[in-house]
Amino acid sequence: MNFSIAVDFTASNGDPRDQRSLHYMNPQTMENQYTTAIRSVGEIVQDYDTDKQFPALGFGARIPPNGQVSHEFFLNLSQENNPYCSGVEGILQAYHHSLQNVKLYGPTNFSPVINHVANFARAYQANGNQYFVLLILTDGIITDLDATLSSIIAASDLPMSIIIIGVGNEDFSA
């Protein structure tokens, strides 16, 4: 099994310095709703992924070096086409690195990350011994709903599952 994760870095999550933000890091625990979800799901799923190397993506942010908006970037911000993180701790390190280096922006488009993982599932579909799981962590707002639905339908015959977890904070309004 191949486990991939995609994290929402859109502005609708709120300023990470604001306690109401979904990306706000509790100074005592160094956790937030995203890290809790990564850890909770990742620690279960990682046991089914033999190499424990997880492609991790981010979406909806302005990324370095030029501040271009990206709807599909490597969470570790690798410029060498290496999206892989080593284990759940590697995903968390990449998440923290991105949080410190990207600018939350938008819109919230799921289809690029779904298509990214679907392309891998499609490439391995014939051999029948690979299965792909994509976990999308988001604040729940989808701006490309039609494209997302089309991407899901296009991937429906692939050896692939998509899990979408909407983390949320009812106290925050963007």
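A pocket, on a 1 Å grid over the protein atoms alone, is an open set of points where a 1.4 Å probe fits, with protein on both sides within 12 Å along at least five of seven lines, and its lining residues have an atom within 4 Å of a point. The structure is a predicted model, in which local features need pLDDT of at least 70 and side-chain atom pairs count only at pLDDT 80 or more, whereas totals for chains, interfaces and linings use all residues. Residues are numbered from 1 along each chain as its sequence is written, and side-chain values use heavy atoms, with hydrogens and water left out.

The largest pocket is lined by 13 residues, and N2, P55, Y84, F120 and F132 lie nearest its centre. Two or more lining residues come from each of β1 (2-8), β2 (53-59) and α3 (111-124), with α3 giving the most, four residues. The second largest pocket has a lining that includes I63, P64, P65, F73, F74 and L77.

| Pocket | Space | Lining by class |
|---|---|---|
| Largest | About 210 Å³ | six nonpolar, five polar, two charged residues |

Ala, Val, Leu, Ile, Met, Phe, Trp, Tyr, Cys and Pro count as nonpolar, Asp, Glu, Lys and Arg as charged, and the others, Gly among them, as polar.

T10 lies in the loop between β1 and α1 (33-45), the elements being DSSP runs numbered from the N terminus (helices H or I, at least four residues; strands E, at least two).

Methods. Points joined across faces, edges and corners; volume = space filled by probe spheres on them.
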